[in-house]
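Colleague: I am new to this one and would like to learn how to read its ring pairs and its nonpolar core. Could you take me through them in turn?

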Amino acid sequence: MAEFINPIGKIRGKFGNVIPYVGKNGKNYCRSTSLERKAGGEGQKRQSVAFGTTASRKRWLTSVIRLGFPGGNGYPQGFYGFTSANVTHAVSVEKIHPEIPVNRRKKATQEFQGTIDYGKLRVAAGQLVIPIVNAEIDTENRKVSFTSPGILFESVDCFMDDRIYAALLYEPKHRCLVKELGKRGEILNTTVDFPRDATADKLIIYVFAKNADGKDVSDSVCLQKPEQKTLN
């Protein structure tokens, strides 16, 4: 890294193999593109693909990520919490052509592919007790019925006024529908329509709890997922 004097103020852009930038101290610096990290080995590529596979769900899962990762409960807030909970837990990475050695000059996605296991995916993560909820799919009427007996007693991580949420995902069309079902202390019997364009055999269903002040949640539990894993 080199420091240089710039009499005309801040400059941006790329000049040959030099990239100028402004440091936190307000001074101008530059770095050579020849020092940029080259493509890594197999371990780095697998990690990159796992992260990319998880991150690719960010846009269409935004509504449930905002609820499921409030921050301040041991997990980062929002997208960062979602990725930290799932990159090493819910993604498997396989080599596209196992018989061919890894080529450092190729991009990670040219050699590896990631697969999300929606049964392991966490759309919420926290310290509360997972709610007891059953889901039954009515294919003909395109509805999901959720039932729960409710609770009679509270504990330090389980309160009667915890809200219970359901998330219905349909990966082929990137649909995500989030519905509040009621409170943990109530007997639940709630019906939710499918997301548009969804089919019952590809529907993915999660439930989780969130406390009244919105600062903590339970881990999500998957009640329904497709029989076949969905490839990225």
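Colleague: How many aromatic pairs does the structure hold?

Modeller: Rings of Phe, Tyr and Trp (its six-membered ring) pair if their centres lie within 6.5 Å, with planes under 30 degrees apart counted as stacked, over 60 as edge-to-face and the rest as tilted; the structure holds 4 such pairs. This is a predicted model, where local features need pLDDT of at least 70 and side-chain atom pairs pLDDT 80 or more, while totals for chains, interfaces and linings use all residues. Residues are numbered from 1 along each chain as its sequence is written, and side-chain values use heavy atoms, leaving out hydrogens and water.

Colleague: Are Phe51 and Phe79 buried or exposed?

Modeller: Buried means under 20% relative accessible area, exposed over 50%, and partly exposed in between (1.4 Å probe, protein chains only); Phe51, at 40%, is therefore partly exposed, whereas Phe79, at 18%, is buried.

Colleague: Which residues have the most contacts inside the largest nonpolar core?

Modeller: A nonpolar core joins buried Ala, Val, Leu, Ile, Met, Phe, Trp, Tyr and Cys residues through side-chain atoms within 4.5 Å. The largest has 29 residues, and those with the most contacts inside it are Leu61, Val64, Tyr118, Leu121, Leu169, Tyr206 and Phe208.
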